[in-house]
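The following paragraphs lead the reader through a protein structure. Please view the sequence and the model first.

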Amino acid sequence: PPGSHDGDIGWDAKLPRTCETAVFKIHAAHAASAVGPQPESKVRVLNTHFDHEGIIARSESAALIMDSITKSWQDMPGCPQVLCGDFNSPKSSEAYSLLSGALKDAFRSVVAANICTAGATSTIHKWQGLSFSEEMGDGTVDLSGEHSKEDTCHIDWILWQNGRADLGSTELQPLKCRVVTDRMAN
């Protein structure tokens, strides 16, 4: 929270949390053969892990991240931004509402045929795969609310927003999504 020291526990959180950011420069293969100067393409990626108990902490963390994204758009309006992480909040939460008001949801942007849930209705599975019963969450995240969409119980999200098209921004578009429940193939 503002005014706290790095590593402090904020609001009603059980543990201190972080958000990491990185700006990547994109080198296009076709740029070398293009005539004339090409605009520099960048993408900003943010990764976070929200508190597993603090409901206020999750909402306030979302507000801090949204503030960071808004400031970055002002400084780099042509730069797409990708936010991913374990938000410990279902998509019916205040945190999701705040972030998805300005960012697009990768899972909800992909054509249904390109989504693999492996039979999971939630992304809480404690690495037990489909044998974990996620109906009521894991004791710290409540999933008992309304489930109007297939992914309402996902607590791990990938959200993004493209930069301004009039500035020649690289356009991002998710093509496939997969819920990994136990392990990925090598």
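In strand β3, C84 is the bridge partner of N47. This pair belongs to the parallel pairing of β2 and β3, which extends over six bridges; two strands are said to pair if DSSP finds at least two bridges between them. Strands (E, at least two residues) and helices (H or I, at least four) are DSSP runs, numbered from the N terminus. The model is a predicted one, in which local features need pLDDT of at least 70 and side-chain atom pairs count only at pLDDT 80 or more, while totals for chains, interfaces and linings use all residues. Residues are numbered from 1 along each chain as its sequence is written, and side-chain values use heavy atoms, with hydrogens and water left out.

Strand β2 (residues 41–49) also pairs with β1, here in the antiparallel sense and over eight bridges. Along this pairing, C19 stands opposite T48, and F24 stands opposite V43.

These strands belong to an open sheet of five strands with mixed pairing, in the order β1-β2-β3-β6-β4. Because β1 (19–26) and β4 (104–105) stand at the edges with a single partner strand each, one side of each has no neighbour in the sheet.

Helix α1 (residues 55–75) lies across β1, β2, β3 (81–86) and β6 (156–161). I56 is placed in this helix and is partly exposed, with a relative accessible area of 49%; partly exposed lies between buried (under 20%) and exposed (over 50%), with a 1.4 Å probe and protein chains only.

Definitions and conventions:
Contact means heavy atoms within 4.5 Å. Axes are lines fitted to C-alpha atoms, for helices over the stretch in contact, and angles run from 0 to 180 degrees between N-to-C directions.
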